[in-house]
Amino acid sequence: MALVGTDKDMSFYIGREASKLWKRFCAEVTTEINLLAENWKYLLGGLICQYIHGLAARGVHYFHRPGPILQDVGFYLLPELGQDRAYISETVFTTIFLSFIMWTFHPFIFKTKKIYTVLIWCRVLAFLVGCQFLRIITFYSTQLPGPNYHCREGSKLATLPPPDNILQALLIVPRGVLYGCGDLIFSSHMIFSLVFVRTYQKYGTRRFIKQCAWLAVIAQSFLIIASRKHYTVDVVVAWYTVNLVVFFIDKTLPELPDRTSTLLLPVTKDSKSKEENHKLLNGNSGDPAEWRPRTQINGKIVEDGKTVHEAVINGV
């Protein structure tokens, strides 16, 4: 009898939590759709610029001429991984890339949420576009012989024949992305990784994940050089250029609203208004089981035992 009762309680608990999760998901979808309706032009513009960047990287491949690998201090200091282990750097990059994408969509699932998915991607795309604009100018200014295996002398992939028609020139295929040559200074992988990690550094809440993310980017820097995908200068230039671009663009953009501290209703003496205000402040529904305390010290929100962000009252 006790076992039957436990099963019923568990089923009831699972059903209740599933219902809460679905309501939370639907509410977040509604919020994000409203934000998308206001900001779709920025997202579309950012995606178009991603295509232009890919098109430019493919275009410089037509000008690439293989030659002797340039002298590079990183090539002397780091042993060559070889073609059979070149996937290691791509694995690290893919982990950073996918982890960041999943984090940007966490407001649809979790109760504790600090960002809006649409707004964070508007910001990220602005950072990427600024960095990629400088990158296009740089690798078209001087074409270096690629150090990657498929870009060396004797490889059939080192050069591209002229396109037969305009469609072939405008079409970007995955093979062309993986086996491109000539777009060296500065590393596109480092652009994405640094932009993603810097964004999480500012808007993420888990200190341990932030530390792991920075270690992953540092490891990726060495792996890119050891895989001979880029010269050391490509990685070094990316480190200071991306950080400077993100710093200055971030200063010009309006700050994102912090969902953990946005006040939605004034506190009144009426007990019912107080209860509703408490629900909205904590970002949950009317179920008392979802209430969670937050500590405020001098207008700051404390999460995970650390003061993480100044309370943002006004929106974008």
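**Note on the predicted model: fold, salt bridges and local features**

1. Arg228 is found in the loop between helix H8 (207-226) and helix H9 (232-252). The model is a predicted one, and in it Arg228 has a positive phi of about 60° although the residue is not a glycine. Most residues other than glycine have a negative phi. Arg228 is also buried, because its relative accessible area is 6%.

2. Asp72 lies in the loop between H1 and helix H2 (73-77). Asp72 is buried but has no salt bridge. Its nearest side chain of opposite charge is that of Arg228, 6.9 Å away, whereas a salt bridge requires a side-chain nitrogen within 4 Å of a carboxyl oxygen. When neighbours within four places in sequence are left aside, Asp72 is in contact with Tyr231, Thr232 and Val233.

3. Ser89 belongs to helix H3 (residues 87-104). It counts as buried because its relative accessibility is 2%, and buried means under 20%. The side chain of Ser89 is joined to that of Lys229 by a polar contact of 2.8 Å. Not counting residues up to four places away in sequence, Ser89 touches Leu223, Ile224, Ser227 and Lys229.

4. As to the overall architecture, the protein chain has 10 helices and 3 strands. Along the sequence, the pattern is α-α-α-α-α-α-α-α-α-α-β-β-β. The chain has 316 residues, of which 40% are buried. Of the contacts between residues at least 6 apart in sequence, 80% join residues at least 24 apart. The accessible surface of the chain comes to about 18,400 Å², and 67% of this belongs to carbon and sulfur atoms.

5. Which residues form the nonpolar patch on the surface? They are Leu36, Trp40, Leu44, Ile48, Tyr51, Ile52, Ile166, Leu167 and Leu170, with about 880 Å² of accessible area together. Helix H1 (2-61) and helix H5 (166-170) each supply at least two residues of the patch. H1 gives the most, with 6 residues. Trp40, which lies in helix H1, is partly exposed because its relative accessible area is 43%.

6. Pro163 is located in the loop between helix H4 (117-141) and H5. Pro163 counts as partly exposed because its relative accessible area is 33%. Although Pro163 and Tyr62 are 101 residues apart along the chain, their C-alpha atoms are separated by 9.0 Å. With neighbours within four places in sequence left aside, the contacts of Pro163 are Tyr62, Gln168 and Ala169.

7. A search of the whole structure finds 7 salt bridges. One of them joins the side chains of Lys113 and Glu28, at 3.4 Å from N to O. This pair links distant parts of the chain: Lys113 is in the loop between H3 and H4, Glu28 is in helix H1, and the two are 85 residues apart. Both Lys113 and Glu28 are buried.

8. A second pair consists of Asp250 and Arg123, whose side chains meet in a salt bridge of 2.9 Å, N to O. Because Asp250 lies in helix H9 and Arg123 in helix H4, the pair ties together parts that are 127 residues apart in sequence. Asp250 and Arg123 are both buried.

9. A further salt bridge is formed by Lys202 and Glu255, with the closest N and O atoms 2.9 Å apart. Lys202 lies in helix H7 and Glu255 in the loop between H9 and helix H10 (271-281), so this pair ties together parts that are 53 residues apart in sequence. Lys202 counts as partly exposed because its relative accessibility is 27%. Glu255 is likewise partly exposed, at 30% relative accessibility. Arg123, Lys202, Asp250 and Glu255 are linked in a network of salt bridges.

10. One backbone feature remains to be noted. The peptide bond from Ile185 to Phe186 is cis, with omega near 0°. Most peptide bonds are trans. Phe186 lies in the loop between helix H6 (174-178) and helix H7 (188-203).

Terms used
Residues are numbered from 1 along each chain as its sequence is written. This is a predicted model: local features need pLDDT of at least 70, side-chain atom pairs count only at pLDDT 80 or more; totals for chains, interfaces and linings use all residues. Side-chain values use heavy atoms; hydrogens and water are left out. Patches are made of residues with over 30% relative accessible area and no salt bridge: like charges are joined within 9 Å, nonpolar side chains (Val, Leu, Ile, Met, Phe, Trp, Tyr) within 5 Å. Accessible areas come from the Shrake-Rupley method with a 1.4 Å probe; for residues, only the protein chains shown count as cover. Helices (H or I, at least four residues) and strands (E, at least two) are DSSP runs, numbered from the N terminus. Buried means under 20% relative accessible area, exposed over 50%, partly exposed in between (1.4 Å probe, protein chains only). Lys and Arg count as positive and Asp and Glu as negative; His and the chain ends are not counted. Contact means heavy atoms within 4.5 Å. A polar contact is a pair of N or O atoms within 3.5 Å; within protein, one must be able to donate a hydrogen and the other to accept it, and residues adjacent in sequence count only if both atoms are side-chain atoms.
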